[in-house]
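Have a look at the model, then follow the questions.

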Amino acid sequence: MSAQPSLAPLADTLGAIAVPARMRTTMLRRSLREHPGPTVAALVGLLAAAWLIRYALRGDQHTLGLLAGAWVLGWIVLPLLLGGGRGRVRPAHLRLEPIGGVPAAIGLLAASAIGIGPAVSLVALAALPVHAARHGTVAVLVTAGGAVLLWLFGLIGSAIALEVVGHAGGPAGALLTGVFTGTAMGVAGSLWAVFPWVSVLLVAAPQEVVRAMAYVPSGWPIAAVTGPTGRGVGMMAALVGIVALCAAAYLMLVRRVIAAGVPFRPRRTTAASLAAPDREWLGWVPAATRAVVGRELRAWMRHPLRLQYLAFAVVYGALLAGLPLLSDVDLLLPWAGPLAVLGAAAMSAGLVGLDGTALWLPLTTPGGERAEVRGRALAWLVLVTPIGVLLTVAGVLLAPDVDPLAALCTLPALLGAGASVPVWVSLLRVRPVADPRHPTAADNPTDIVSVLVATGSGLVAAAPVLALVIWGPSGVTPLLPLVGLLSGAAAWRGGIWLADERLTRRGLDVLAAAGQRSRPTETVLPPTWDAQWFRENKLTAWALGLLTVGWIPVIPQGVMPLAFGIGSGWIVAGHLSGGARTAVGLAMIGLGVAMLLAGLVLWDRRPQPGGSAHPASGQAE
Amino acid sequence: MIPPALEIRGLVKTFAAHRAVDGVDLTVHPGTFHGIVGPNGAGKSTTIGMAVGLVTPDSGEIRILGHDALRERGVTRALTGVLPDGLDFPERLTGAELLRYSAGLRGLSRAAATDRAAELIDVLGLTKGAGTPLADCSTGTRKKLGLAQALLHAPRLLVLDEPFEAVDPVSAATIRRVLRRFVAGGGTCVLSTHSMLLVEQMCDDVTVIHQGRVVAAGPVAEVAAGSSLEDRFVELVGAETSGSAGLDWLTGAR
């Protein structure tokens, strides 16, 4: 007997819904067969989920809510950074299919649910009902419902994020990548402050966390069964509302993509571009320099890697200064600005390589070299100064008991050096990206030497202020702002002079290097100890050793006892006092700087895997 | 006496062991179209690159409108408009922003820059390219935008490397008209190309470069010597047109 005609449209719709899921299943099966990555990720994810469930058995309710929220947030954000969109069925794939918005959205979400991330997340969120088991069966059921709602929130949120934000190649993805890497590095650099806080958090959430979790949806499923019934119903209803809103937003998005072209990519009109306001506030700057400033500011706002670098510097600086608060140390807060400025300088040490051979334009213009150098430096200053000032002022306001003078006076010195020296460094060591038109997150035009020189120049510029703060007589304090400004001006002049010299005398070499797209083979370091490799690459090994160990005499053995008066345990100068302490501290800094410089020289002279140390550059036609 | 628009004497350039340009002499008369032709790798782009200051010569002299191009760089840069081949632009700028940037570099007033850019965008059919980031523009649009920036400051010598590459026929006709008006107005245009037809149609003089040396130079009709320029070119570079032998597996009866 044939199927009843009235059921045929329903069957067609169900069939259409199932298509994306079948496509996704095929893709997943193939990727599991061809690559071990997803299997490894699944095992790591399952281990983390098992730890979360174990924690849920005896752990703190609010901390568990926080961890569940972090898990869902990670599920939404991490695919943007790690290219998790590959192998997904996307709305654009259904553009030519005869399928409506609702079935398409359902089908796409069903397809999104097939994968390692969603499966592992479902296991991890089971920690919530496990924790609620102590409150009875009804609590387990309610919390399980809440966990499923959180899972749906993660599933739909991830799908929306991938469509709207795109991948790391787009500006929003680049910003996220910068924030994420800055956070990771900031936390890594503040482990001493983060670890004790995390240990406290795992035992019992502090009061401020408890208060905050009342407003965080991931805390609601458990809060719903531990508080008054009315409040619990409200929380679960709110959770349903959030998921429904996300679903509606996703449905609209899918409809737009299926109906039209790629959304959210507005084109700038000719008229708007031509009539764009000139930078009147830079009227005192020569027109050619102003033109370069305009080009650079646009590049900073639009180039995904530049945005990523800037976001990294800001987040890294802010976290290095702010995370110690977790251990009640506010000493570094006013330094948020200087640290971010230093980070921005370091991240700008390879910008010429990002631009490919676009330097030919200033090199065919009268006085173009000077305009190029000054425009680049000035644009950096225009962009980074407000960030540095804002972070410094915020730090000062948040830590009213800390003397901010040293940080405030160091800021102009760092700005002067950070604006100009990286321009010189990036003209000196050009590492062009493979495709300047469409760079990827994997492109990195900066190497360790460029970063160290850019950072080192900032530290040298800041040295007069720091030296006066540490060793200067008390009467010299009013002069510190002037010293900072003069140091910044001197660093600016020095950096501009060096960059001018480089571009004016060797501009064509720079251009040829920028056109050298076939990069020589990178030095590949062995992932594990390999005695044979170290025997065959002694210069590289020595360079790496010196560049790693050289920081120990400089920072913990030198700067920490001299600048912050820290002295205990293995810090040699800390066991001395007076002149002996100063002398030993300074000797340690000298030793470390010598080691780092020797490391840099050796790194530059290491044998290149592909042949000569300095590849010949040029073009022929 | 009016000096040549471009005068090159004994130009040499070597990359590693390869001598890309080997004693090139070239004279471009003012107010003319001058074509530079040659097979791939002949040294055309390197010669042009050295003429406009984008490649350092090992030896030789270059004079632009009577000025030493190696010593009076500021003057010769102001006189010259350049469209190089295969180099990047500031890729995040839109076409219109590129023209504003280029005008700013050249010190043009804002009003002049806006008027000239708008006119060039209109004449060269760049309305879409003007609002699109250069990174997303097609090769043809990039060529036209490059030409627009080269014309923007009204140079006296225009040096164009493969200006018609990937440009559609309608745009190519427009560009030819613009360039003819430029030369009729007293400007000089040097262009490298692989199209012999284009040289025959547009150029007064032609220089044929092969293996880094000039193998023929002079008025187009004189160099063609009674045959088509294409045949003469093949003869000059000493290559039989290959393709008539071999490939039996492709052309044999199936």
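Q: What is the strand order in the open sheet of four strands in chain B, and is the pairing parallel or antiparallel?
A: The order is β2-β1-β4-β5, with antiparallel pairing. Keep in mind that this is a predicted model, where local features need pLDDT of at least 70, side-chain atom pairs count only at pLDDT 80 or more, and totals for chains, interfaces and linings use all residues. Residues are numbered from 1 along each chain as its sequence is written, chains are lettered from A in the order in which they are written, and side-chain values use heavy atoms, leaving out hydrogens and water.

Q: Why are β2 and β5 of chain B said to stand at the edges?
A: β2 (18–28) and β5 (67–68) each have a single partner strand, so one side of each has no neighbour in the sheet. Strands here are DSSP runs (E, at least two residues), and helices are too (H or I, at least four), numbered from the N terminus.

Q: What makes β1 and β4 of chain B a pair?
A: Pairing takes at least two bridges found by DSSP. Strand β1 (residues 6–15) and strand β4 (residues 59–64) of chain B are joined by five bridges, so they qualify under that rule. Within this sheet, Val12(B) stands opposite Ser59(B) in β4(B).

Q: Which strands of this sheet does α1(B) lie across?
A: β1, β2 and β4 of chain B, with α1(B) running at about 120° to β1(B). The angle is taken between N-to-C directions, from 0 to 180 degrees, using lines fitted to C-alpha atoms, for helices over the stretch in contact (heavy atoms within 4.5 Å).

Q: What is the order of the open sheet of six strands in chain B?
A: It reads β6-β7-β8-β3-β9-β10, with mixed pairing. One parallel pair is β6(B) with strand β7 (residues 157–161), over four bridges.

Q: How many residues are in contact between chain A and chain B?
A: 48 of chain A touch 54 of chain B. The buried area is about 4,300 Å², with 57% from carbon and sulfur atoms; that is accessible area (1.4 Å probe) lost on putting the two parts together, summed over both.
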